[in-house]
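This report describes a single protein chain. The sequence and the three-dimensional structure are displayed first.

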Amino acid sequence: MLTVLGVLVLSAVSAGGEAIAQHSLRFACLSSARVDPDRLAEICTDFLDVLGAEPGYRVLGSQNSGLTEGPGLEIDVIRATATQLELVPTWIDAKGQRTVMPSTGFVIMDTAMTEAMRTNLFRKILASAPR
């Protein structure tokens with residue numbers, strides 16, 4: 001005999017206990033500067049991996065040219081070397097309104113950039129999404 005005692009509903013919840021909203025977006029990664037193509041591809045792939053792994057985000061598609069519609073996130077890689085990384089994120093809302101955020105990144109003097117450093121920068125950018 002099977003007895004049903006109730007209904008169980010699962011949803012994504014952050015560490016703070018609040019429900020996580022699902023943000024579907026398109027992703028574009030490009031460079032308006034002369035960044036080494038191999039390094040650009042590495043940065044774009046790493047950013048897309050972090051974006052895909054972040055709770056609350058669902059990537060609808062990615063491209064290496066500017067977005068023409070939203071919602072989405074466009075990353076312009078200005079500098080990308082072993083010791084420097086500078087990105088300009090642009091958030092595009094569902095109506096196509098673009099919000100260009102300030103340039104963000106870092107310069108390291110005594111060592112090479114690590115994957116953890118890049119991941120933290122990418123997460124900082126994702127946390128800067130306009131509300």
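The sections below treat the basis of the model, the strands, the core and selected side chains.

## Basis of the model

The model is predicted; local features need pLDDT of at least 70 and side-chain atom pairs count only at pLDDT 80 or more, while totals for chains, interfaces and linings use all residues. Residues are numbered from 1 along each chain as its sequence is written, and side-chain values use heavy atoms, with hydrogens and water left out.

Helices (H or I, at least four residues) and strands (E, at least two) are DSSP runs, numbered from the N terminus.

## Strand pairing

Two strands are taken to pair if DSSP finds at least two bridges between them. On this basis β1 and β2 pair in the parallel sense over six bridges, with R26 standing opposite G61 in β2. Strand β1 also pairs with β3, again in the parallel sense, over five bridges. Within that pairing, F27 stands opposite L73 in β3, and L30 has D76 as its bridge partner in β3.

The pairing of β3 with β4 is antiparallel and runs over eight bridges; these two strands form a hairpin with three residues between them. D76 has V88 as its bridge partner in β4. Strand β3 is mostly covered, seven of its nine residues being buried, where buried means under 20% relative accessible area, exposed over 50%, and partly exposed in between (1.4 Å probe, protein chains only).

## Crossover and cis peptide

β1, α1 and β2 make a right-handed β-α-β unit. A crossover is right-handed if, with the strands pointing away from the viewer, the path from the first strand over the helix to the second runs clockwise.

In the loop between β2 (57-63) and β3 lies P71. The peptide bond joining G70 and P71 is cis, with omega about 0°.

## Nonpolar core

In soluble globular proteins, nonpolar side chains tend to be buried together. A nonpolar core is here a set of buried Ala, Val, Leu, Ile, Met, Phe, Trp, Tyr and Cys residues joined through side-chain atoms within 4.5 Å. The largest such core in the model has 26 residues, and those with the most contacts inside it are F47, I75, V77, L85, L87, W91 and L126. At least two residues of this core come from each of β1 (23-30), α1 (37-53), β3 (72-80), β4 (84-92) and α2 (115-127). Helix α1 gives the most, with six residues.

Rings of Phe, Tyr and Trp (its six-membered ring) pair if their centres lie within 6.5 Å; planes under 30 degrees apart count as stacked, over 60 as edge-to-face and the rest as tilted. A search of the whole structure finds two aromatic pairs. The rings of F27 and F47 have centres 5.4 Å apart and planes at 10°, so this pair is stacked. F27 lies in strand β1 and F47 in helix α1, so the pair ties together parts that are 20 residues apart in sequence. Both F27 and F47 are buried.

The pair of F47 and F122 is tilted, at 4.6 Å centre to centre and 50° between the planes. This pair links distant parts of the chain, with F47 in helix α1 and F122 in helix α2, 75 residues apart. F122, like F47, is buried.

## Disulfide

A disulfide is a pair of cysteine sulfur atoms within 2.5 Å, and a search of the whole structure finds one. It is formed by C29 and C44, with their sulfur atoms 1.9 Å apart. The link of C29 and C44 is left-handed, with -75° about the S-S bond. C29 lies in strand β1 and C44 in helix α1, so the pair ties together parts that are 15 residues apart in sequence. Both C29 and C44 are buried.

## Two buried side chains

R118 is found in helix α2 and is buried, with a relative accessible area of 10%. Residues up to four places away in sequence not counted, R118 touches E42, I43, D46, L85, F106 and M113, contact meaning heavy atoms within 4.5 Å. R118 and V50 are 68 residues apart in sequence and 9.7 Å apart in space, C-alpha to C-alpha.

T90, found in strand β4, is buried, with a relative accessible area of 6%. Leaving aside neighbours within four places in sequence, T90 is in contact with G72, L73, E74, R98, T99 and V100.
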